[in-house]
Amino acid sequence: MHILICALQHVTAQQRQQHVILISLDGFRWDYLDKFQPPNLTAFAQSGASAEAMIPAFPSKTFPNHYTIATGMRPETHGLVDNSFYDPGKDRVYEISDREVVQDGTWYGGTPIWVLAEANGITSASYFFVGTEAPIQGIQPTYFYNYDGAVSNLDRIEQVFEWLKLPVDKRPRLITLYFSDMDDIGHRYGPDNEKEISQKLFELDKQLGLLFDGLGKYDLDINIILVSDHGMTNVKRENLLNLDLISEGIAGKVVNNGALAHIYLDETSQKAEVKKLLEKRANHFIVEDVADRKHYKDIDTHRDKFGDLLILPDLGYYLATSAGMVSYQKRSAMFQTDVYGEHGYSPIYKDMHGIFYAKGPRIKKGITIPPFENIHVYPLLAALLDLPLPKEVEGKPEVLSPIMIDSDGEEKY
Ligand code: AMP
Ligand code: ZN
Ligand code: ZN
């Protein structure tokens, strides 16, 4: 009898289907947890697995990094190379505010985790995540919403509870959630404004506490993966660089993302000359030939989307057009601050690093791991859902497998 019960327990443990909730807290810098110690997130990280930091891909912007987390591929490989960029092949600019391009699947390479899930018979749901609004390989999450930042965090959380109440044949086993609060407040006041950052952080922490408590009430195996796309650094008002003056007289398209601007020349043969001209104007920025960038040498699938040249401001300096400068001045007056927060810079800067915390029945408890690149999240998500890893994925399973517990309940490492 005893043997039979043990055997049954073993089978049940193996057969319990795993659920994964991937939560992105936009702009949550690597050091906020230690610095401010919000109770629910701190308890979550301490009782699960946490990384000292998660390193974003370049550029450390929202769209390329969410999509890197979703696909396990770097921007130069998945093709969503920035928040705004020009695609010479399509002769069209991608911009996050342009709903038509955002919802057009042909901009998105790789196999996002929800596409992999659906293709393998696992239902997925999303209360926002970059890429979910477009059919990619003809597939979208079974349940999803078009992005609307005005939907309250509590409404998003409530919907997660509703999804989990669905009968098993309709219930999603992969859910994504997105909260922009820390990015919004970081941009407005800069990450060193402790009063504003901590106030927003504690508000968000309370809401996440409700989510964690609520999830605990389901008799389901739920693994929660909490990430951010990048960190944030201070930019003083006097450190804004006027891109219109910098790029004056250049024949080509200039697409600005603040921490970097892409230059797509009308005549590529003029590259060396234009680079020289820009370098003469260089004050707190450098100019890079895209063809010389270390990572991009071996690939040409999406290199053309980066342009011919990049203007890269020093950390803490930011490119703005003349019109952009006016709106920054207005923001300064409205929020009474001479400091803003920005991101997009190279991931070599610690300020650009984000977070990774995980907790659940298949995640080890009380383990801390060193900083790692965000391409490695995907193999963990795939392993938790027993999904095969597409061969183009750049993330490696061995980076996060040390935090996993095997399906038979054994610790693997
Ligand atoms: P940024 O700080 O410029 O890199 O981008 C952050 C902003 O992107 C957020 O404040 C959101 O408004 C916006 N955002 C995030 N996810 C989406 C989405 N799926 N679709 C459209 N906009 C989004
Ligand atoms: Zn972001
Ligand atoms: Zn941002």
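**Close-ups of a predicted model**

**View 1. Q137 sits in the loop between β6 and β7.** This is a predicted model, so keep that in mind for every view here. Zoom in on the backbone at Q137 and you'll find a phi near 55°. That's a positive value, and Q137 isn't a glycine. Most residues other than glycine have a negative phi.

**View 2. Q37 also has a positive phi.** Where is Q37? Look in the loop between α2 (residues 32-36) and α3 (residues 39-47).

**View 3. A cis peptide bond joins F58 and P59.** Most peptide bonds are trans. P59 itself belongs to the loop that runs between β3 (residues 54-55) and α4.

**View 4. Y127 and Y145 form an aromatic pair.** The count for this model comes to 24 aromatic pairs, and this view picks out one of them. How are the two rings of Y127 and Y145 arranged, stacked or edge-to-face? They're stacked, with 4.0 Å from centre to centre and 15° between the planes.

**View 5. Ligand 1 sits in the largest pocket.** Count the residues around ligand 1 and you get 14, with T62, N83, D183, H187 and H343 being the closest. What kinds of residue make up this shell? There are six charged ones, plus four polar and four nonpolar. Two helices, α4 (residues 62-71) and α9 (residues 181-189), each supply at least two residues of the shell. Of the contributors, α9 gives the most, with three residues.

**View 6. Polar side-chain atoms of T62, N83 and D183 lie beside oxygen atoms of ligand 1.** For T62, a polar side-chain atom lies 2.6 Å from a ligand oxygen. For N83, the distance is 2.8 Å. For D183, it's 3.0 Å. How much of ligand 1 does the protein bury? Taken alone, ligand 1 exposes 510 Å², and the protein buries 82% of that.

Methods
Residues are numbered from 1 along each chain as its sequence is written. Chains are lettered from A and ligands numbered from 1 in the order in which they are written. This is a predicted model: local features need pLDDT of at least 70, side-chain atom pairs count only at pLDDT 80 or more; totals for chains, interfaces and linings use all residues. Side-chain values use heavy atoms; hydrogens and water are left out. A residue is near a molecule or strand if one of its heavy atoms lies within 4 Å of it. A polar contact is a pair of N or O atoms within 3.5 Å; within protein, one must be able to donate a hydrogen and the other to accept it, and residues adjacent in sequence count only if both atoms are side-chain atoms. Accessible areas come from the Shrake-Rupley method with a 1.4 Å probe; for residues, only the protein chains shown count as cover. On a 1 Å grid over the protein atoms alone, a cavity is a set of points where a 1.4 Å probe fits but cannot get out, and a pocket is an open set with protein on both sides within 12 Å along at least five of seven lines; lining residues have an atom within 4 Å of a point. A molecule sits in a cavity or pocket if more than half of its atoms lie within 2 Å of its grid points. Helices (H or I, at least four residues) and strands (E, at least two) are DSSP runs, numbered from the N terminus. Ala, Val, Leu, Ile, Met, Phe, Trp, Tyr, Cys and Pro count as nonpolar, Asp, Glu, Lys and Arg as charged, and the others, Gly among them, as polar. Rings of Phe, Tyr and Trp (its six-membered ring) pair if their centres lie within 6.5 Å; planes under 30 degrees apart count as stacked, over 60 as edge-to-face and the rest as tilted.
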